[in-house]
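Good morning, and thank you for joining this meeting.

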Amino acid sequence: MESKTIVLASNNQHKLKEFKEILTDYKILTLNDIGYYEEIEETGETFLENALIKAKTIHDYLKKQNLNYLIVAEDSGLCVDSLDGAPGVYSARYMGVHGNDQGNRDKLQQELKNKKRDAYFICTIVVYYPDGNYQSFVGKTYGRITDEEIGNKDFGYDCIFYSNDLEKTFGEATEEEKNSVSHRGRAIVEMVKRL
């Protein structure tokens, strides 16, 4: 087994970029790189369950190919305190369709009328070993939802998430700034300490 090669159980370019920027010592393979092209159904009720579903699916696939790679899977989302943690695991499909960022933001703004806007992003990472054992790591970053969209609108909820650490929205932050305080960045740092 190549200890310095990781299969990232995702084809999401934003996530891949963030992992690559932090895990500079590792070669990172995507699902496309290993020839896995199916959609993995995320049916879990928690971020950990969804990350495990992805990791185990890819573990089983690699086993059939006689490949022993470390697998990294993650699930992440936005949780708003006054909405009992919603959108949560449904963050990417909050309005019912997967990946409609504008629609998701619009729905969230509707739900937050006259409500408190404290929120946090959370990321749960699972490192899944060829023997079936795994470790999990959690990162969080705190802030609030702004009334208006500020900054780059290309990715998720970034332009309406005001980061307490950065004192601006993620949409206004540089990649470096965001990675330094992001939920995913923090979970990856925890993971690196243990790998």
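Predicted model: local features only at pLDDT ≥ 70, side-chain atom pairs only at ≥ 80, totals over all residues.

Two strands are said to pair if DSSP finds at least two bridges between them.

Strand 4, residues 118–128, and strand 5 run antiparallel and are joined by 11 bridges. Within this pair, V126 stands opposite S136 of strand 5. On strand 4 there is also a pairing with strand 3, again in the antiparallel sense, over 10 bridges. Here V80 has A119 in strand 4 as its bridge partner.

Let us now follow strand 1, residues 5–8. Strand 1 pairs with strand 3 in the parallel sense, over 3 bridges. V7 stands opposite I71 in strand 3, and the bridge partner of I6 in strand 3 is L70. Strand 1 is also joined by 3 bridges to strand 2, residues 27–29, and these two run parallel. T5 has K27 as its bridge partner in strand 2. Between strand 1 and strand 2 the chain passes through helix 1, and this β-α-β crossover is right-handed.

In what order do the strands of the open sheet stand? The order is 2-1-3-4-5-6-7, in an open sheet of 7 strands with mixed pairing. The edges are formed by strand 2 and strand 7, residues 168–169; each has a single partner strand, so one side of each lacks a neighbour in the sheet.

My next topic is burial. In a regular strand, the side chains alternate between the two faces of the sheet. In strand 1, T5 and V7 on one side and I6 and L8 on the other are all buried, so that both faces are covered. How many of the residues of strand 3 are buried? The count is 11 of the 11, so strand 3 is largely enclosed by the rest of the structure. L70, V72, E74, S76, L78 and V80 are buried on one side of strand 3, and I71, A73, D75, G77 and C79 are buried on the other.

Helix 3, residues 101–111, has the buried residues G103, N104, R105, L108 and Q109. These buried residues pack against strand 3 and strand 5. In helix 2, residues 47–64, we find K54. Is K54 buried or exposed? Its relative accessible area is 5%, and because buried means under 20%, K54 counts as buried. Leaving aside residues up to four places away in sequence, K54 touches A9, I40, E42, A73, E74 and D75.

Some details of the loops deserve attention. The loop between strand 3 and helix 3 holds D84, which has a positive phi of about 55 degrees although it is not a glycine. D84 has a relative accessibility of 77% and counts as exposed. P87 lies in the loop between strand 3 and helix 3 as well, and the peptide bond from A86 to P87 is cis, with omega near 0 degrees. In the loop between helix 3 and strand 4 lies N114. N114 is a residue other than glycine with a positive phi, near 60 degrees, and at 84% relative accessibility it counts as exposed.

Rolling a probe the size of a water molecule over the atoms shows where empty space is left. The largest pocket has a volume of about 940 Å³. Its lining has 38 residues, and N12, K15, E42, A92 and H98 are the closest to its centre. Helix 1, strand 3, helix 3 and helix 5 each give two or more residues to this lining. Which element gives the largest share of the lining of the largest pocket? That element is strand 3, with 5 residues. By class, the lining of the largest pocket divides into 13 nonpolar, 13 polar and 12 charged residues.

The second largest pocket has a volume of about 250 Å³. Of the 15 residues that line the second largest pocket, H14, F155, D158, E175 and K178 lie nearest its centre. Helix 1 and helix 4, residues 175–181, are the elements that give two or more residues to this lining. The lining of the second largest pocket has 3 nonpolar, 5 polar and 7 charged residues.

Thank you for your attention.

Conventions
Residues numbered from 1 in each chain as written. Heavy atoms only, no water. Buried < 20%, exposed > 50% of the residue type's maximum accessible area, 1.4 Å probe, protein only. Helix = DSSP H or I, 4+ residues; strand = E, 2+ residues; numbered from the N terminus. Contact = heavy atoms within 4.5 Å. 1 Å grid on protein atoms, 1.4 Å probe; cavity = no way out; pocket = protein on both sides within 12 Å on 5 of 7 lines; lining within 4 Å. Points joined across faces, edges and corners; volume = space filled by probe spheres on them. Nonpolar A, V, L, I, M, F, W, Y, C, P; charged D, E, K, R; others polar. Right-handed = clockwise from strand over helix to strand, strands pointing away.
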